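Trainee: I've got a structure open and I'd like to learn how to read it. Can you take me through some features?

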Amino acid sequence: MSEPVFDLTFIWAAIIAFGVIMYVLMDGFDLGQGILFPFAPSEESRDVMMNSVAPVWDGNETWLILGGAGLLAAFPLVYTIFLPALYIGVFLMLAGLIFRGVAFEFRFKAKTSKYLWNWAFAGGSIVASFAQGAVVGAYIQGFEVVNDVYVGGAFDWLTPFTVLTGLGMVAGYGLLGSTWLILKSEGETQEFAYRVTKRLLLAVLVVFVAISLYTPFVDEFVSNRWFSGISVIWLLPVLALLCAWRIYSAVQQKRDGTPFVATMGLFIFTYFGLLASKFPYVVPPSITLWDAASAHESQLFLLLGLLFVIPIVLVYTAWTYWVFRGKVKAGHGYH
Amino acid sequence: MELDPLLLSRIQFAFVVSFHAIFPVFTIGLASYIAVLQGLSFKTQNPVWEQLSKFWTQVFAVVFGMGVVSGIVMAFQFGTNWSEFSRLSANFLGPVLSYEVVTAFFLEAAFLGILLFGRGKVPQGIHFLSAVMVATGTFISSFWILSANSWMQTPAGVELRDGLYHVVSWSDAIFNASLWPRFFHMALASFLTGAFVVAGVSAWFILRKRDVEVHRKALSMTLWLLLVIAPAQVVVGDIHGLNTLEHQPIKVAAMEGNWERKTNVPLLLFAIPDQEAEKNHFEIGIPSLASIILAHDPNGEVPGITDVPKDERPPVAIVFWSFRVMVGLGMLMVLFAVIGLALRYKQKYVKSQWFLKGLTYMSFAPFIAVLAGWFVTETGRAPWLIYQQLSHADGVTPSLTGWMALFTLIGYILVYAIVFAAGAYYLMRVIQTGVTQGPEDESEHPEQRAKRPLSAAGASWELEEQQS
């Protein structure tokens, strides 16, 4: 690579990476409510769970649309290789997101048909989460590409490994959801959240360890990065595990806010670890972010608009979360 | 049977985009109407305007919500099914489509929340300003989408380097030759849609003698509006057609069902175009009128479909008939606008049963006309995705197989059938709830309300609950 590291493409990579983790953290905890939905102790608990995310979930999902459009503009090869390769998975994810989105609105307004919307909400959330986890697995696995065009099959993305990452994501979003619920609820709902958090944490750690052990063996590039490259990146899994331990101890101490903060930390450090494993490849095994980038003038043209809008969106997002701070009481909806 | 991924992808795109389009085309018009109502309310302090604005804002919220949901699917269609097209044109298409998202994003973040939930909580002037900003935002959003589409019809401002499009002039590419006629044609179509829905719903209430005075005011103002914009659309449509004649003559030939380039071309009222035989069956037409419309001269020459080889021709029957559906409905709209003026005398328009009933049915007309219009312009471009530069066949995703495309096509149809049946049903409930029974905000902490579009509507899901 002869390109300088800190160029427009790198700025764009940082923006997209930021958008992805924003999406994962924010939509993660509200998808998590759907994952936990079938196990909730009571219908009142379900009301609380839904109410705890109702004011913010659709704002969370707009990051996904911006990510999709932003990729086409800044890294078209990522967009035009990922989407064909993940064709069936993308459809399942969208169908899941649509069902849960609509369930959000109509469950509040329904009485006799409520149980149907419960299923739509849970099913849609689980399918969408699994599909997103499988995308992460497919990214680690790599894509069969010839002349910048995806040439693999319809189910290359669906392997035992991606099923594992898919299940890991369901557990991970479930964990984000349960720790968010600890923060936002009280009484039987919070008890339930404390209970499931431990189990979900165990599931997440099993998948985390399995992926960490497995990936360097199948991927020489990753193993070189970790075992003969820069040793400072070892800090990332260590920090992630520290966060995991903190989640456990905070649940033992029945703390309100710490489990959620520590879960976000777990996600962030794992995410950085993943990026560090593959950098600078955005479509492994062969396409770097500079290969995938659009033309300089195209990246610049859109950047001007985004620099104006992103701060406003962030301020608005922060304000919304501030307005809806505090515990959700049973029977007090935002709907 | 061999499944063709290309054909199935085209059907899928037509399906999802048609389904998506009906929501924004309505909300764009309705947003402007709400802004006008807010302005009137602000200026006159007459509570009727406030009631109307409150009612239509709830309808707006539901339709906007459905537009957002169906829009998520659109953001991924270009990559899943048309990856080669996306890869080749990403340098232009990517930023332009992203700007559409950014505009919508900004709109939602800043002003939509205030419009939907700020009534009575922010000063009236700010609320009015938010309505204006939302209305403006919907136009800016549609500007970017139409710019992308127009560029595919009349590409400009780009050059091919290493097989990829590179933008050499943003202004030439964005403001390409067919942008403004298309934009104004669409803007008027949105106004027509908004106006006919408001007129139809108002008529429905008047027929049932519910809040007659409120809805009479709404009907009266939309009838005045229709009197201006329905004929204006005929003029703008004609300009758009002439623009197409200049840049995409074969599309116009297909619209007219004209196979041979010739003069004194009749305007066909009926015909069954035969793609194989290169002629029409059962023609009924008005002599020389097509020449007069297109060239403003009975001896004017009109391009013929046979000007281009067989494999470069659009499916003539679809273009021909979609065009007639659109124009026919447009004429019907003009007719209703004129009748509305005639019935002004002694306020007959609120008493005439057949006129009010007709208006109720006319609520659907603009939606059908808009879809028919898009069928004309999109199938009329075939076989090209980027006119005369990239064909559908070269733009489709290479790794896509027939059964993959069939699976998602059936999937989208099922998902949309369930979700939008529920949405349409709920919309009907919102409308039936009416103006006076609109929900009051009983929340103890009114500022703590969901900022989602749909939650602005307060109607209940089940009919029984409403009546008990």
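Trainee: Let's start with Ser228(A): where is it placed?

Mentor: Look in chain A, in the loop between helix H9 (220-227) and helix H10 (235-252). Keep in mind that this is a predicted model.

Trainee: Is Ser228(A) buried or exposed?

Mentor: Count the other C-beta atoms within 10 Å; a residue with 12 or fewer is exposed. Ser228(A) has 8, so it is exposed.

Trainee: How far apart are Ser228(A) and Ala295(A), in sequence and in space?

Mentor: In sequence they are 67 residues apart, and from C-alpha to C-alpha they are 34 Å apart in space.

Trainee: Next, confidence. What is the mean pLDDT of chain B?

Mentor: The general idea is that where pLDDT is low, the predicted coordinates should not be read in detail. For chain B the mean is 90, and 93% of its residues reach 70 or more. Over residues 438-448 of chain B, though, pLDDT stays under 50, and the model has 15 contacts beyond four places in sequence for that stretch. Residues 464-468 of chain B are also below 50, with three contacts beyond near neighbours in sequence. For the model as a whole, the scores are ipTM 0.90 and pTM 0.91.

Trainee: Now for helix pairs. At what angle do H1(B) and H6(B) pack?

Mentor: For a pair like this, look at the angle and at the distance between the axes. H1 (residues 5-44) and H6 (residues 179-207) of chain B pack at about 75°, with their axes 7 Å apart. That angle is why H1(B) and H6(B) count as roughly perpendicular. From H1(B), the residues in the contact include Val25(B), Phe26(B) and Tyr33(B), and from H6(B) they include Ala189(B), Phe191(B) and Val198(B). By class, this contact has ten nonpolar, five polar and no charged residues.

Trainee: And what about H2(A) and H8(A): which residues make their contact?

Mentor: Angle and distance come before that. H2 (residues 43-53) and H8 (residues 187-218) of chain A pack at about 75°, with axes 9 Å apart. H2(A) is therefore roughly perpendicular to H8(A). The contact is made by Ser45(A), Val48(A) and Met49(A) on the H2(A) side, with Glu188(A), Thr189(A) and Phe192(A) on the H8(A) side. In terms of class, that is three nonpolar, two polar and one charged.

Trainee: How many residues of the two chains are in contact?

Mentor: 57 residues of chain A are in contact with 55 residues of chain B. Among the elements of chain A that each supply at least two residues to that side are helix H3 (57-74), helix H5 (87-107) and helix H13 (296-323). The residues on the chain A side divide into 38 nonpolar, 13 polar and six charged.

Trainee: Last topic, the backbone. Which peptide bonds are cis?

Mentor: Omega is the angle to look at. The bond from Phe279(A) to Pro280(A) is cis, with omega near 0°, and so is the bond from Pro284(A) to Pro285(A), with omega near 5°. Pro280(A) is in the loop between helix H11 (258-278) and strand S3 (281-283) of chain A.

Trainee: What is phi for Asp211(B)?

Mentor: Asp211(B) has a positive phi of about 45°, although it is not a glycine. Asp211(B) is in the loop between H6 and helix H7 (212-247) of chain B, and it is buried, with 20 other C-beta atoms within 10 Å. Lys346(B) has a positive phi too, near 60°, but Lys346(B) is exposed, with 7 other C-beta atoms within 10 Å.

Methods: Residues are numbered from 1 along each chain as its sequence is written. Chains are lettered from A and ligands numbered from 1 in the order in which they are written. This is a predicted model: local features need pLDDT of at least 70, side-chain atom pairs count only at pLDDT 80 or more; totals for chains, interfaces and linings use all residues. Axes are lines fitted to C-alpha atoms, for helices over the stretch in contact, and angles run from 0 to 180 degrees between N-to-C directions. Helices (H or I, at least four residues) and strands (E, at least two) are DSSP runs, numbered from the N terminus. Angles under 35 degrees count as roughly parallel, over 145 as roughly antiparallel, 65 to 115 as roughly perpendicular and the rest as oblique. Two residues are in contact if their C-beta atoms, placed from the backbone, lie within 7 Å. Ala, Val, Leu, Ile, Met, Phe, Trp, Tyr, Cys and Pro count as nonpolar, Asp, Glu, Lys and Arg as charged, and the others, Gly among them, as polar. pLDDT is the predictor's confidence in each residue, from 0 to 100.
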